[in-house]
Amino acid sequence: MAGESEFPVLPCTPVKVEIYDSTLRDGAQGEGISFSLEDKLLIAQKLDEAGIHYIEGGWPNPTNPKDMEFFRRVKTCGLRSARVTAFGSTRRACNRPDNDPILRTLLEADTEVITIFGKSWGLHVTEVLRISPDENLRLIEDSVQFLASEGRRVIFDAEHFFDGYKADSEYALKTLDAAESGGAEIVVLCDTNGGMTPEEIKAACADVRERIGGAFGIHCHNDSGLSSANTLTGVIEGAVQIQGTINGIGERCGNDNFCTTIPNLSLKLGVECMAEGKLKELMTLSRFVSEMANEFHNHRQPYVGESAFAHKGGAHIDGVLKNARTFEHIDPQLVGNQRRLLLSDQAGSATVLAKLESIYPGLDKKDPRVKAVLAELKNKENEGYQYEAAQGSFELLAARIIDDYKPPFTLSGFRVITDVREEGSMVSEATIKLIVDGAEEHTASEGDGPVDALNGALRKALNRFYPGILSVRLEDYKVRVLDSSEGTEAKVRVLIESSDGVDVWGTVGVSENVIDASYIALVDSLSYKLVLDKRKAGNKNE
Ligand SMILES: [Zn+2]
């Protein structure tokens, strides 16, 4: 907790902060992000489950019926602890508060809490609003006052506060005074352009702390890559509310990323953010939002990226296996992540052994078979194979050396043809000849493309002998062209992810021909399924 000597905090640093999430509003303004109404409701439910205190639902606006509908529907979602907030601006200068359409629509959203932003930077007051500085102060105060008089809790976002403070600190502070005297529950200092440094944040926050009577929060954008440092600085200087988004989605370079800042606050400063036990669900939340945003989950994200605790260098792996603290700043499980040891040409016997330990308990690092697996691994990697995402193929490679594993069938040949029909559609057909237990099997199958057809024919041929194969689905299929540095024909690497509904595994194939590379990866996928089934049956018999 704050105050204990292990954390370097000041007396003004709060013991805990409120999390104000803007994924559905500022986040949705990020390039390429578009949430449907259903997506927004699902995300709101997940944020509530995670113990987030405030969920900014959007800007209710007669021209944006989706956001208005959100406020109606979210009430039926049974959120347990999060408060949904409606977001909007101060009134237009030409209107009285009680007949201003912006403020009236905010009230119609019918939320307990309303957040309005107002201008704290003279540049915006004179150039954008084109009103006098005093008039701006008046409209901040009476907009807040009107909403408060309607029984709402009001959060005031001081837009461009830090830029305003740099230009004219006294005026920027006056905008906070205006919001406070209007009855704002908290004022939030915004680095709207995201260009501040921690030093600037520190000086301004210290001044605000001295000046205003009430609580303040912080809202940083990441245009200088400093949003987490800036938010942390704000909290160290006394901010009791942090505003940001999951995965840092938002305008331009994004908002402050809660998936970085929340663990930083909790684990590095001892400031309580999420409810007890919720921090370890952070990675799941992060992946969920990526999924909803239809974006790749950034695997290099601090804390919650798949690579955040992935070790590749031989010396790193050796160190981590001896003591995880040698190369990990926190225990990955604290945020719901996990340690991964990557198989690569830099791998040593220790990595190979760590990967095989659960399958072959008692295997020794000095066992010549471990060395042989390592040698084969390096061989294959020279050919273009990569096993980091292909545990299935790696285990088969190891089984051939350690267990004298024999493949479940041999191939006599296959043929794939693709027909372009008159109307322009394409159909592929694959025929395949296999020998299983001395019996020859000859089948054909059609598919949407050559790989699909080949997959169909292969499964059809094996189904009679191995019915378990039917449950295997291809989840993902990736092709990568490898460089042809020596003027030879370029090779391709195919990575397949398969699942039987219980387990998920990756397999890999490399060839100069994409169909052949796909075939190798497909055969590994189905063969690995049989190995898995056999292993499970063996465990049951023990
Ligand atoms: Zn913002």
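Hi everyone, one term before we start: a residue is buried under 20% relative accessible area, exposed over 50%, and partly exposed in between, using a 1.4 Å probe and protein chains only. What we have here is a predicted model, where local features need pLDDT of at least 70 and side-chain atom pairs count only at pLDDT 80 or more, while totals for chains, interfaces and linings use all residues. Residues are numbered from 1 along each chain as its sequence is written, and side-chain values use heavy atoms, with hydrogens and water left out.

Let's begin with the nonpolar cores. A core here is a set of buried Ala, Val, Leu, Ile, Met, Phe, Trp, Tyr and Cys residues joined through side-chain atoms within 4.5 Å. The largest one has 86 residues, and Phe70, Phe156, Phe161, Phe162, Leu176 and Leu265 touch the most other members. A separate, second core has 53 residues, including Ile359, Val373, Tyr405 and Leu434. As background, nonpolar side chains in soluble globular proteins tend to be buried together.

Now for the rings. Rings of Phe, Tyr and Trp (its six-membered ring) pair if their centres lie within 6.5 Å; planes under 30 degrees apart are stacked, over 60 edge-to-face, and the rest tilted. How many aromatic pairs does a search of the whole structure find? The answer is 12. Phe70, which we met in the core, forms an edge-to-face pair with Phe71, at 5.5 Å centre to centre and 80° between the planes. Phe70 is buried at 0% relative accessible area, and Phe71 is buried too, at 2%.

Compare that with Phe414 and Tyr519, a tilted pair at 4.8 Å centre to centre with 35° between the planes. Phe414 lies in strand S11 (residues 410-420) and Tyr519 in helix H17 (residues 514-541), so this pair ties together parts 105 residues apart in sequence. Helices (H or I, at least four residues) and strands (E, at least two) are DSSP runs, numbered from the N terminus. Is Phe414 buried or partly exposed? At 27% relative accessibility, Phe414 counts as partly exposed, while Tyr519 is buried at 8%.

A charge sits over a ring if NZ of Lys or CZ of Arg is within 6 Å of the ring centre and within 35 degrees of the ring normal. Lys40 lies over the face of Phe70, 5.1 Å from the ring centre. The charged end of Arg25 sits over the ring of Phe87, 3.6 Å from its centre, and Phe87 is linked by ring pairs with Trp59 and Phe117 into a cluster.
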